Amino acid sequence: MFNLSRMNRFWRLSTGNFRQQNTQGSPSTEVENSISLRVLVLALVILGIVATDIAAETSFSLWALPLSVVGAVWSYYRRRDTNVAVKFCIAIGMLIALGTFFGRLVTELNDTRLGLAELLIQLQVLHSFDTPRRKNLGYSIVIGLILLGVAATLSQTLAFAPVLLLFLAIALPTLVLDYRSRLGLQPLKIQKEKTPKDKFSSLNFKFLIVNFFVIVGLGLAIFAVLPRLPGYQLRSFPVSSPIEIKGSFTGRSIINPGYVRGGNGNDRGDGTGQGKTGEPGKVDNNFYYGFNSEINQNLRGEMKPKVVMRVRSQAEGFWRVLAFDRYTGKGWEVSRKDDVTTIRRPPWSYQIFIPPPLISGKTQEVVQTYTVVSDLPNLIPAMANPKEIYFPTPMIAVDKENGLRSPVELSEGVTYTVVSEVPRRDRTLLGQTSTKYPRDIKDHYLQIPPEIAEKVQQRTEEILTKYNQNRVGKSSKNLDSAYEKALYLAQYLKQYYSIPQNALEFPYLDEKEDLVEAFLFKYKGGYPDHFSTVLTVMLRSIGIPARLVAGFSPGEFNPFTGMYVVRNTDAYAMTEVYFPKFGWFAFDPIPNHPLIPPSIEDTETFSVLRQFWQWVAGWLPSPVTGLLNNVFGTIFSWIGKAIAWFLALFTQGWLGVLTGLILGTTIAFFGWVAWGQWREWRNRRWLKKLPAMESLYQQMLQWTAQKGLGKHPAQTPLEYAKVSYQHHAPATAEIIDEICQAYVSWRYGGQNPNLNGLRQRWYELKKGTGDRAN
């Protein structure tokens, strides 16, 4: 009993001493009383949570915001108490949150950003119940900044931009109040009338507003000129949560919502003619007609534009969906639609390896991440020659045309990543390929309906012969290779055939009419996808294997999010041509489309600057725009080549690495010298703009700072002069003292100093120490 009483007394005394130290002790344990600082810190945290909600499309704010407010209020009123019980509960809550995070981590190994953000929000909510000191509020500021950074990596739209600006607007006064708290100054108070004594006790809102716009302007300028170098250096890619598959998956069927009526995927009797090969009909308003095992090109109409997916890719490209090998006269079909290969992924990883095609030639690895915004068929868009896919289902299927199929439709919110080995297009090498094609290529990619084969062949050879006759004595290339023939025919269709302005110019085809025949000989044109069908059949007619491929164009690149925004109206079809040993390469004969579809040769390195220049060029006369385009094009071309050459050094073995390091060190040295000279020039300009006495005083401060005795901001000139006697020779300290005395008399007393005498003594001092006078 005696021991227990002594222990109780010791506990009470210790607690009392701790409370006394907490309220009166050292700055490290002093509580923060500023309500304005606490409110601004809470606002930063709230903005970080809301930004994460907006970017990740989650609902953290529904519970985190009210609890954060409650925690902030509780912590303010209990800031002087020890709160041992509360801290104990917070510790338990943090352990539970950490355990929940590790449990969730097992199912989200490929993208932990959202899980980490949720853990950070949980920890911040618990932390908000115990923030007595400024140091604790500093932790909350950092957490708000981290949450904003997480939101930036998750954001796929510009909805994040207003939150970022608001965060900056609140962060500036927060940092001011935090700095005042560090200095131990009194909290700011809002007063109606200011006197000279308290004019520094309130926030200078004009200063904050000017700084806000300066920071935003500087940030946008840096953002515009910052190169967009390829990302994905780490091999951990974003993937959605696992999707469970009901029933067996064979990969033989294609599920396109645009062809499903009444919940029956096989019901195509909807009156539109979409699923009836060759019959007249209308296109679906929302879904591209070409994503199916059979397509009917005897359809008319337009789609209503809507965003279907967002793509983050290391290079611009054609997001390939599927290819067709058999022409039906009014459309296409996949003749081997049931001949597919299913590939499973291991249960511990999302990674699925896809057997690459056997091709030679240079290739480049390109990583793409797709986020589905609107429902799509179970066909998986990807760049050419995918070798790895990180997909949320246990398996996928690969067809004979190298198209990827999912067990389920690609519904809104699905995210997956593809790694493709995209072949480089070398015109010289492709022009030298053999025309001896493998048997399976000739069996499937030279098929033409016999009714039109001879007529189309004659027309194609007539076009090529006419070109060869006209090029006599000219420097243009001879059409003696499959590549040059495909290139010329695609360009020919662009120039000599047109897209109708109304349906009367290319009406529905009759039952006996053939699409290619009507396009070439009757209507002299057709709708966009018809151009690709005609080019494919023309190449087949002269013995060049070709097929029709459907997919999405790159879409609109958003330089602020770094993503390609793809709409349903970006879907179209073009022609792929086979070259032995090199594989398939695409050609686009559609008017107003690039002849060669975008691929790894294109870059978005300076995309923001390019878009800004296009906006400016729209206001300038054409001759001026052309001149500036040539000048800037040459400059950026040389810059790009120099950067590419420098980076290529590090891929050329030890000699290349050593050369690159020496060159980088040399450039850094001269850059450092130039930076020093520029700073010195700016300093001289600044000193010349100052009044003579002020300039001399500032020169003296800079010189003494170089000697190791810089003036503290809190010191007065006279205090600094007094201290200088302890660190400098008497003669030096005397001159410093004279300059400080003269400066104070001039600044605050209005007296005119003897500038000539002071300058003379100052120059003699610097000359005696071996320094060069400014």
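Helices (H or I, at least four residues) and strands (E, at least two) are DSSP runs, numbered from the N terminus. The close-up views below show a predicted model, in which local features need pLDDT of at least 70, side-chain atom pairs count only at pLDDT 80 or more, and totals for chains, interfaces and linings use all residues. Residues are numbered from 1 along each chain as its sequence is written, and side-chain values use heavy atoms, with hydrogens and water left out.

View 1. A cavity is a set of points, on a 1 Å grid over the protein atoms alone, where a 1.4 Å probe fits but cannot get out; lining residues have an atom within 4 Å of a point. Grid points are joined across faces, edges and corners, and a volume is the space filled by probe spheres set on the points. Strands β15 (415–423), β19 (571–579) and β20 (583–587) each supply at least two lining residues, with β20 giving the most, 3 residues. By class, this lining has 12 nonpolar, 1 polar and 4 charged residues (Ala, Val, Leu, Ile, Met, Phe, Trp, Tyr, Cys and Pro count as nonpolar, Asp, Glu, Lys and Arg as charged, and the others, Gly among them, as polar).

**View 2. The second largest cavity.** About 120 Å³ of space lies in this cavity. Its lining includes Arg38, Gln124, Thr131, Leu137 and Ser140. Two or more lining residues come from each of α2, α3 (61–77) and α6, and α2 gives the most, with 4 residues. The lining has 5 nonpolar, 5 polar and 1 charged residues.

**View 3. Helix α6 and its packing.** Helix α6 (residues 134–154) has 21 residues and reaches 30 Å from its first C-alpha to its last, close to the 30 Å expected at 1.5 Å a residue (1.5 Å times one less than the number of residues). Its buried residues (under 20% relative accessible area, 1.4 Å probe, protein chains only) include Leu137, Ser140, Gly144 and Leu154. The buried residues of α6 pack against α2 (35–56), α5 (113–127) and α7 (160–183).

**View 4. The surroundings of Thr704.** Thr704 lies in helix α18 (residues 692–706) and counts as buried because its relative accessibility is 0%. A polar atom of the Thr704 side chain lies 3.0 Å from the backbone oxygen of Leu701. Beyond neighbours within four places in sequence, Thr704 is in contact (heavy atoms within 4.5 Å) with Leu709, Gly710, Tyr720, His728 and Ile736.

Conventions:
Buried means under 20% relative accessible area, exposed over 50%, partly exposed in between (1.4 Å probe, protein chains only). A polar contact is a pair of N or O atoms within 3.5 Å; within protein, one must be able to donate a hydrogen and the other to accept it, and residues adjacent in sequence count only if both atoms are side-chain atoms. On a 1 Å grid over the protein atoms alone, a cavity is a set of points where a 1.4 Å probe fits but cannot get out, and a pocket is an open set with protein on both sides within 12 Å along at least five of seven lines; lining residues have an atom within 4 Å of a point.
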